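Let's walk through this protein together, from its overall build down to a few single residues. Keep the structure open beside you as you read.

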Amino acid sequence: MNKIIFLLLSILISSGCTTQEAHLWRGDFESGDLSQWSYLLNPHGLSVQDTCVYEGQYAGQAMITGEPDMLWHGNENLNRTEFNYKPAAERIGEGKETFFGWSFYLPQPLSENKHETGYWESDKSYRQMLRFNITGEDISFQESAAATPFWVKPGFASAGKWHDLVLHIGWSTDATKGFTQVWLDGEDMGKQFFKTLHASDESMFTQIGILRAREDRVEKIYIDNVREGKSLKQVRWDNKAVTCN
Ligand SMILES: [Ca+2]
């Protein structure tokens, strides 16, 4: 009997059962195209590039201009180009939790106007519930309906270096049960409770790229290492400092 158990254990170990569990989803651009994403909003601004990556061979690029084709329905307050990811419906709902992270790189600092990115929005009524803002080199995070952010981290969105964001979201229509917790390059920015799920019969998606009020300036953000996991441990920052020439 002991020999059988030993044999079974050997098979389990050699078949990789001790290696890290696969992510629920990855947006690492290693397919060499944009096929990993659920939807591409103003796709003419989105591409794959291989000159500045966080990991692997490829990363994404969102490049925005002030041209009319980068407005949304002609609205000058919706000058945008974004990668969209919608998790499987059964993973979002009352009491469910999402562990999600992504890395970004700015070749040049963004302008001093507000840029919304990495927000989560409901999939039927399109209500944005939570988001990051980048204004110049400062990043902030907020409940979308609030007038002021939970916190601001001056200088975090600096150019010339990869930065990493991790989000733990507890989904609830109840403001006392819904929550988010954010880590910036591994630094815990705290946990806040608010209504994160717009409606119990809706799911949520995220959009990563640039959304701003129209301006003439051309701006770029590189995106890589986007991952959804089953636990915080699985999506936490790997403490890798990456720069590009
Ligand atoms: Ca990659």
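Two strands are said to pair if DSSP finds at least two bridges between them. Helices (H or I, at least four residues) and strands (E, at least two) are DSSP runs, numbered from the N terminus. What you see is a predicted model, in which local features need pLDDT of at least 70 and side-chain atom pairs count only at pLDDT 80 or more, while totals for chains, interfaces and linings use all residues. Residues are numbered from 1 along each chain as its sequence is written.

Start with the whole protein. It has two helices and 16 strands. Its C-alpha trace spans about 75 × 45 × 30 Å along the principal axes. The radius of gyration, taken over C-alpha atoms, can be set against a globule rule of 2.2 Å times the number of residues to the power 0.38. For 245 residues a compact globule would come out near 18 Å, and the protein's 19 Å agrees with that.

How much of the protein is buried? A residue counts as buried if 20 or more other C-beta atoms lie within 10 Å of its own, as exposed if there are 12 or fewer, and as partly exposed in between, with C-beta atoms placed from the backbone. By this count, 34% of the 245 residues are buried. Contacts are another way to look at the fold: two residues are in contact if their C-beta atoms, placed from the backbone, lie within 7 Å. Among contacts between residues at least 6 apart in sequence, 65% join residues at least 24 apart.

Now look inside. A nonpolar core is a set of buried Ala, Val, Leu, Ile, Met, Phe, Trp, Tyr and Cys residues joined through C-beta atoms within 7 Å. The largest one here has 44 residues, and Ala62, Phe104, Ile221 and Ile223 touch the most other members. Several strands give two or more residues to this core, among them E4 (59-64), E7 (97-105), E8 (114-122) and E16 (219-229). The largest share, five residues, comes from E7. Take Ala62 as an example: beyond its neighbours within four places in sequence, its contacts include Leu46, Phe83, Ile210, Ile221 and Ile223.

Next, follow strand E8, where seven of the nine residues are buried. What does E8 pair with? On one hand, six bridges join E8 to E9 in an antiparallel arrangement, and Thr117 stands opposite Phe132 in E9. These two strands form a hairpin with five residues between them, and Tyr126 in the turn has a positive phi of about 55 degrees. On the other hand, E8 and E15 are also antiparallel, again over six bridges, with Trp120 opposite Thr206 in E15.

Phe29, in the loop between E1 (25-27) and E2 (39-41), has a positive phi of about 65 degrees although it is not a glycine. Phe29 counts as buried because it has 30 C-beta neighbours inside 10 Å. His73, in the loop between E5 (71-72) and E6 (75-85), has a positive phi near 55 degrees and is likewise not a glycine. With 5 other C-beta atoms within 10 Å, however, His73 is exposed.

Finish at Leu106, in the loop between E7 and E8. Leu106 is buried because it has 20 C-beta neighbours inside 10 Å.
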